[in-house]
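Dear colleague,

I am passing on the structure shown below, and after it you will find an account of what came out of going through it. Please read the two side by side.

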Number of protein chains: 2
Amino acid sequence: MSKLRVESFTISLDGFGAGPDQDIDNPLGVGGTSLHAWAMSTRTFQKNLFGSDGGVAGIDEDFAARGFRNIGAWILGRNMFGPVRGLWPDESWRGWWGDNPVYHGPVFVLTNYARAPLVMEGGTTFHFVTEGIVAALAHAREAAEGKDVRLGGGVNIIQQFLRQRLIDEMHIAIAPVLLGAGERLFDGVNLPALGYACTGRESSPLATHVVLTRQ
Amino acid sequence: MSKLRVESFTISLDGFGAGPDQDIDNPLGVGGTSLHAWAMSTRTFQKNLFGSDGGVAGIDEDFAARGFRNIGAWILGRNMFGPVRGLWPDESWRGWWGDNPVYHGPVFVLTNYARAPLVMEGGTTFHFVTEGIVAALAHAREAAEGKDVRLGGGVNIIQQFLRQRLIDEMHIAIAPVLLGAGERLFDGVNLPALGYACTGRESSPLATHVVLTRQ
């Protein structure tokens, strides 16, 4: 069975998955980029984000790499796709990632506002889903053709999927930074009551990696 | 200058410093004891809690041991002292720790209800302070005679001290467990805005240890 997975999602020591006040200059909210030092160190992210041959191997790389393994489709919340809120004023916003986004496959963007699919270079197509999370998951599962679906975030979308017990597995990284404000990943989500347990843990100098699995 | 320190305070992956529903059978709330596997493994806790020569050395032990170094007095919230709420019905509750508590020095218990000091074996005396956290700190500093003061908790008391920037340093351990409910240590506390930063981090197989310091 195709799984729904969260991968490489990073929170701060005080529990925030993004900083406050996301805008075009702060895609991860103010201070949010400091969460991702571990990811930026890895071969996988260096290659996928920057086309670079840099980055290092190790525990962080192992977790970064597993996040791209056996993924057939992605689901993103609209705020992960961009800073535009409300009705789409036009078709000009095409994501944070340039002409050739990191996804290289079908991406289902949850939004309340319809928009035509957006075909990018490198195999990425953004589909805009207005029917809610269950429909988005059905579309993504079909598009994934037996592979897993990766749920990219953000926080609010992950919480919605968790509360319906739709996520099979989450890899969460805890970075040694404090954000103080923003969106707290586990606010209003009682993980043990929903059937989740911590089933794996490894630590690098830059992050503590944990795997939470639905039992 | 004598510091106010929090030491060996453990939170879950989802941020809780104690489980829900504390009572006489669950001094740390339901599920709360699962937080402390790292501490229970250490020589320091084996010796101080059980008079045992067991326990192991290593990163966990290093953090456990530093928590007892140069401590001249303690401050505890009333719920850490016991499960009794409201007026003291009598003098029969003498703490969770038996006749010879782990503190071996003056302990200032914050409460709204006056009670005579309680002299225990091994050098521990519980003083009950009804004048609030600033007064408790002044009493503890005086009693500590130049040594540091350790703030034991619980969550609510730590939050009160943090909001007034009275804590100099906190050692927090993050255990690989989920509690789902209880008291979240950093709820309503914006650490960076209060001037705190993560200044140290080490990880053992049982916990991630971080040090937060007021800048």
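**The sheet of chain B**

In this predicted model, chain B holds an open sheet of nine strands with mixed pairing, in the order β5-β6-β4-β3-β7-β1-β8-β11-β10. Its edge strands are β5 (118-119) and β10 (196-203) of chain B, each of which pairs on one side only.

As for burial, β7(B) is mostly covered, since six of its six residues are buried.

From β1(B) the sheet continues to strand β8 (residues 169-174) of chain B through five bridges, in a parallel arrangement, and Phe9(B) stands opposite Ile172(B) in β8(B). The pairing of β8(B) with β11(B), by contrast, is antiparallel and is made by six bridges; there Met170(B) has Leu212(B) in β11(B) as its bridge partner.

Helix α6 (residues 155-163) of chain B lies across β1, β3, β4 and β7 of chain B, and runs at about 135° to β7(B).

**A helix pair in chain A**

Two packed helices are described by the angle between their axes and the distance between the axes. In chain A, the axes of helix α2 (residues 43-50) and helix α3 (residues 59-66) come within 7 Å and cross at roughly 50°. With angles of 65 to 115 degrees counted as roughly perpendicular and those under 35 as roughly parallel, α2(A) and α3(A) are therefore oblique to each other. The residues that meet are Arg43(A), Thr44(A) and Phe45(A) in α2(A) and Glu61(A), Ala64(A) and Ala65(A) in α3(A); by class, this contact has three nonpolar, one polar and two charged residues.

**How the two chains meet**

Which rotation superposes chain B on chain A? The superposition takes a rotation of 180° with 0.0 Å of shift along its axis, and the RMSD is 0.0 Å, which is the relation of a two-fold axis. The contact takes 22 residues from chain B and 22 residues from chain A. On the side of chain B that touches chain A, the elements that give two or more residues are α7 (191-194), β10 and β11 (208-214) of chain B, and the largest share, five residues, comes from β10(B). By class, that side of chain B has 15 nonpolar, five polar and two charged residues. Of the interface residues of chain B, 100% are also interface residues in chain A, so the copies meet through the same surface.

With best regards

Technical notes: Residues are numbered from 1 along each chain as its sequence is written. Chains are lettered from A and ligands numbered from 1 in the order in which they are written. This is a predicted model: local features need pLDDT of at least 70, side-chain atom pairs count only at pLDDT 80 or more; totals for chains, interfaces and linings use all residues. Two strands pair if DSSP finds at least two bridges between them. Helices (H or I, at least four residues) and strands (E, at least two) are DSSP runs, numbered from the N terminus. Two residues are in contact if their C-beta atoms, placed from the backbone, lie within 7 Å. Axes are lines fitted to C-alpha atoms, for helices over the stretch in contact, and angles run from 0 to 180 degrees between N-to-C directions. Copies are superposed by least squares on the C-alpha atoms of residues with pLDDT of at least 70 in both. Angles under 35 degrees count as roughly parallel, over 145 as roughly antiparallel, 65 to 115 as roughly perpendicular and the rest as oblique. Ala, Val, Leu, Ile, Met, Phe, Trp, Tyr, Cys and Pro count as nonpolar, Asp, Glu, Lys and Arg as charged, and the others, Gly among them, as polar. A residue is buried if 20 or more other C-beta atoms lie within 10 Å of its own, exposed if 12 or fewer, and partly exposed in between; C-beta atoms are placed from the backbone.
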